[in-house]
Amino acid sequence: MSTRQSGWSRRTLLKAGAAGTAALAMPAIWSPARAQNKRIVVRDDGGIYTKAYGEVFYKPFTAATGIEVVGVQANAEPTAQIRSMVEAKSYTWDMAKISEPAILMLTSGDKPMLEKHGLENDPAVAEIPKQYMSAYGVGTNVYTTVLAYRTDAFKGRKAPASWKDFYDVAGVPGRRALRKHPFDTIEQALMADGVPTGEVYPCDFDRAFKALDRIKKDIPIFWTSGAQVEQMLISGEVDLVPTWVSRPQAAIAAGAPVGIVWDQNIWGLDSWAILAGTPNADACRQFIKFTCDAKRQAELVKYFPAGVTLPDAFKHIDAAIAPNCPTFPENIEKGVKINAQYWLDNQQKALERYNAWLLS
């Protein structure tokens with residue numbers, strides 16, 4: 001893609017980079033000569049994300065600036081890897097797409113493992129709503145947990161429409177599976193028991209586990225990966241299951257008769273974050289600003305129903321596809337945001353109790 005086609009000429013980048021960046025010690029000029037042989041390595045989620053980001057972000061950014069971007073896949077929450085790189089000052093990656101809890105884990109100590117991006121006042125970045133921003137992360141994707149079900153299993157009868165229905169084994173019969181992890185599962189149990197979305201946190205563990213007790217004998221499968229859920233939905237091994245929305249969407253794309261319940265969805269945030277001390281921090285900031293473009297974010301839906309973080313991106317997304325995106329306004333309004341700080345403070349207690357409950 002040429003710089004004119006991308007909408008980001010070098011002149012635009014130079015102007016954007018110069019605005020309000022003195023405190024960040026950013027370079028005054030990004031000339032092609034300076035960019036020559038420059039490279040940043042970005043950790044992403046792999047699979048469709050690496051493919052989509054490569055076409056929408058990585059390659060166009062290189063075309064516009066001369067800075068090569070290499071996308072690499074890593075563990076879902078690579079906090080240990082990032083900590084190791086920063087402490088050793090040996091950088092395999094320069095930046096990463098990571099979750100809000102991961103950002104909190106990496107910045108809550110005396111020595112933050114991430115750089116403050118300092119881009120809040122950049123005109124492009126400032127278009128991102130505050131709920132998708134933090135001092136160490138610029139929100140780039142919203143992921144969502146929903147209730148998915150096989151539509152053929154409910155032909156001629158009431159399909160599930162809420163977490164209450166998932167927990168109503170007698171009223172909404174069907175083969176069920178549940179995640180083998182307390183995250184999201186606790187919130188689902190509370191909403192199934194009547195807790196409003198706005199009152200889920202702080203979580204009442206006793207109430208959640210009482211609800212879980214009611215359905216435990218009717219859960220033959222506790223899933224451990226999104227790929228497992230996707231396969232179960234495609235094969236019809238289960239009739240209804242809580243899962244990340246990308247999995248039933250993939251099953252639908254594969255031809256499976258699957259429905260998605262957006263009410264009471266549970267959503268979280270992935271952000272671009274820069275590793276503390278990386279010698280390529282300036283180029284990382286340029287890259288982040290480059291991704292904060294509504295038309296560019298909208299291009300992601302060619303690959304998957306992305307949780308775009310720029311509201312104006314929906315002006316460029318097909319109206320038939322937009323309702324499948326986690327950040328479609330009606331979907332966000334129906335959901336509850338994961339409280340990352342709560343889980344940072346309570347994850348160990350929750351894990352120990354959930355694992356004991358599984359064995360009981």
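## Helix burial and aromatic contacts in a predicted model

In helix H10 (residues 226-235), the buried residues are Gly226, Val229, Met232 and Leu233, where buried means under 20% relative accessible area, exposed over 50% and partly exposed in between, with a 1.4 Å probe and protein chains only. Because these residues cover an arc of only 125° around the axis, they lie on the same side of H10, the arc being that of the directions from the helix axis to the C-beta atoms. Helices (H or I, at least four residues) and strands (E, at least two) are DSSP runs, numbered from the N terminus.

This is a predicted model, in which local features need pLDDT of at least 70 and side-chain atom pairs count only at pLDDT 80 or more, whereas totals for chains, interfaces and linings use all residues. Residues are numbered from 1 along each chain as its sequence is written, and side-chain values use heavy atoms, with hydrogens and water left out.

The cover over the buried residues of H10 includes strand S6 (137-150), strand S7 (177-179), strand S8 (221-223), strand S9 (240-244), helix H11 (246-253) and strand S10 (258-275), contact meaning heavy atoms within 4.5 Å. Just after H10, Gly236 takes a positive phi of about 85°.

Helix H12 (residues 281-291) has 11 of its 11 residues buried, so it is largely enclosed by the rest of the structure; among them are Arg285, Phe287 and Phe290.

The structure holds 25 aromatic pairs, counted when the ring centres of Phe, Tyr and Trp (its six-membered ring) lie within 6.5 Å, with planes under 30 degrees apart taken as stacked, over 60 as edge-to-face and the rest as tilted. Two of these pairs are set out below.

| Pair | Centre to centre | Angle between planes | Class |
|---|---|---|---|
| Tyr53 and Phe57 | 5.4 Å | 35° | tilted |
| Trp272 and Phe287 | 5.4 Å | 75° | edge-to-face |

Tyr53 and Phe57 are separated by about one helical turn, because they are 4 residues apart in helix H4 (residues 48-65). The pair of Trp272 in strand S10 and Phe287 in helix H12 links distant parts of the chain, 15 residues apart. Trp272 counts as buried at 1% relative accessibility, and Phe287 counts as buried at 0%. Ring pairs join Tyr49, Tyr53, Phe57, Tyr58, Phe61, Trp272, Phe287, Phe290 and Phe304 into a cluster.

Charges over rings also occur: the charged end of Lys216 sits over the ring of Trp357, 4.9 Å from its centre, and that of Lys349 over the ring of Phe205, 5.1 Å from its centre, the criterion being NZ of Lys or CZ of Arg within 6 Å of the ring centre and within 35 degrees of the ring normal.
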